[in-house]
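Hello,

Here is the model we spoke about. Please open it alongside these notes.

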Amino acid sequence: MTEKLYIFDTTLRDGEQSAGIGFTIEDKVEIARALQRMNVDIIEAGFPVSSPGDLEAVSRIAREIKGPIIAGLARAAAGDIDACWEAVRHAETPRIHVFISTSDVHMANQLRKNKEDVIEMVRAAVSRAASYTSDVEFSPMDASRSDRDFIFQVLEAAIEEGATTLNIPDTVGYAIPAEFGQLVADIMNRVKGIEKTRISVHCHNDLGMATANSLAGVLNGARQVEGAINGIGERAGNTAIEEIIMAVRTRPDFLGVHTDVNTKEIYATSRLVERVSGMAVQSNKAIVGKNAFRHSSGIHQDGVLKMRETYEIINPADVGAPTTGGIVLTKVSGRHGLRARLDELGAQLTDEEFERVFESFKEVADHRDEVDDRDLEAILAEQTSVQAAEQWVLDLVQVSAGDRTSPTATVRIIGPDGVAHEDAAIGSGPVDAIYQVINRVMGVQNELTEFSVKSVTEGIDAQGEVTIRIEAEGGSYTGRAADTDILVASARAYLHALNRYLNAVQPRVTTTA
Ligand code: KIV
Ligand code: ZN
């Protein structure tokens, strides 16, 4: 049996540090549940001292998510460590992750501390964390640009004070694989007491080498890899954790390790993170991109039809990616057929959710010859989970637009009290007109900061998926909706974001969807 590689997911911490992402507590819990289904080993749930909301999110995840270790991040400061413990202490297995910068450029210009100060801070912080829990991770931030001998000293101090996992970050994505692998090898060979600990790697993707650097670390002895779903994270992001998991599964002959991840949950988790973060996954993204298992050229299609392995190194079913399946869904399909296909896709729906999905399916099927898995995913994304907590529901949208007329929208929305509110407005364009009416009716002060439309499938009859982001009272809220009419999708996406904002600031009212 090969050695185990521990999978440390930081979607909820470093991933949330992506510009433009702001998860609500509900979002975080929902993603943590998906990570639990994936069976990752460690979930870094947040940075508790950074805000009361993050402390609450980490402590909810610590209470609710059983199985994975629940970690929280803390700077090498007493207040951070105490807040972190306050949040993670409810977990079955809590971890405190302490970090401090060790590169000259960070120590001199950001921390304004010398090497002796930093070693003292490491000792104080790690021993404080170890007084709370026996599971302490320590990271020398910017390790790949730090003086080697100093890193060895810092790591030895952390081990002496009780650190059990030593994480080596390539914080700014500067390393080259052979160089980063050598750093891990040197740490393995030179740091006293290293055999009592597990080495972890945490790579950023500024030069597009995060996965390669992480695997170089693994080849040199690292047994934990940190990363985020879809590779989200600071700047160009973190290592895409699904790439590590599938590299290890596809090439055990070379990498010589295994993970305990349930790979069939990867695709659904990726879609959830895409939906909730509002950060679209590029079509050619490895493992989870829309094109990852699609073959376009005649030669490739011919090969795959004769034998899948000719051009596919991963079976899409192994990551839970949708395939064409045996069932063709059209407007004459009934509940049975839809239920069977949804089961194959692994969707777990309540009866109420299924009925909403069925209604949307019928609407889409009315406009298309065939409803494929991508349509179903778009419907599922809109009709389940977070969407269910709607306070305001769209009842009607009518738009008049063209090159010789002022775009005018009439919109009717049902409020939380069940009362219909209808109004009309003229806008600079049809979407602007719709949004003006919604703003007038709901009166929520917000700024629209992102708006994008993409086609779910090919063809003129395809559904358009609209993703938007609004900023309200310092928070950021995404909304998403799909419809064959992109103006209807735009209206629903806006209401989705506004409902999410209202759910975050007010207790929920009854579901009227
Ligand atoms: O990139 C980094 O160095 C980090 C540390 C906090 C581990 O995210
Ligand atoms: Zn990082």
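Which residues form a nonpolar patch on the surface? Leu448, Phe451, Val453 and Ile486 do, with about 310 Å² of accessible area together. Areas are Shrake-Rupley values with a 1.4 Å probe, and for residues only the protein chains shown count as cover. Patch residues have over 30% relative accessible area and no salt bridge, and nonpolar side chains (Val, Leu, Ile, Met, Phe, Trp, Tyr) are joined within 5 Å. A salt bridge is a Lys or Arg side-chain nitrogen within 4 Å of an Asp or Glu carboxyl oxygen.

This is a predicted model: local features need pLDDT of at least 70, side-chain atom pairs pLDDT 80 or more, while totals for chains, interfaces and linings use all residues. Residues are numbered from 1 along each chain, chains are lettered from A and ligands numbered from 1 as written, and side-chain values use heavy atoms, without hydrogens or water.

Strand β14 (residues 447–455) gives the largest share of the patch, 3 residues. Strands are DSSP E runs of at least two residues, numbered from the N terminus. Phe451 lies in β14. Its relative accessible area is 34%, so Phe451 is partly exposed (buried is under 20%, exposed over 50%, partly exposed in between).

Gly464 is in strand β15 (residues 464–472). Gly464 counts as buried because its relative accessibility is 6%. Its contacts (heavy atoms within 4.5 Å) beyond four places in sequence include Lys454 and Ile486.

Now the metal. Asp14 (OD), His202 (NE2) and His204 (NE2) coordinate the zinc ion (ligand 2) at 2.0 to 2.1 Å. Both histidines, His202 and His204, are buried. Donors are N, O and S atoms within 2.8 Å of the metal (3.2 Å for Na, K and Ca); water is not among the atoms, so sites may look incomplete.

Best wishes

Key
Helix = DSSP H or I, 4+ residues; strand = E, 2+ residues; numbered from the N terminus. Buried < 20%, exposed > 50% of the residue type's maximum accessible area, 1.4 Å probe, protein only. Patch = residues over 30% accessible without salt bridge, like charges linked within 9 Å, V, L, I, M, F, W, Y side chains within 5 Å.
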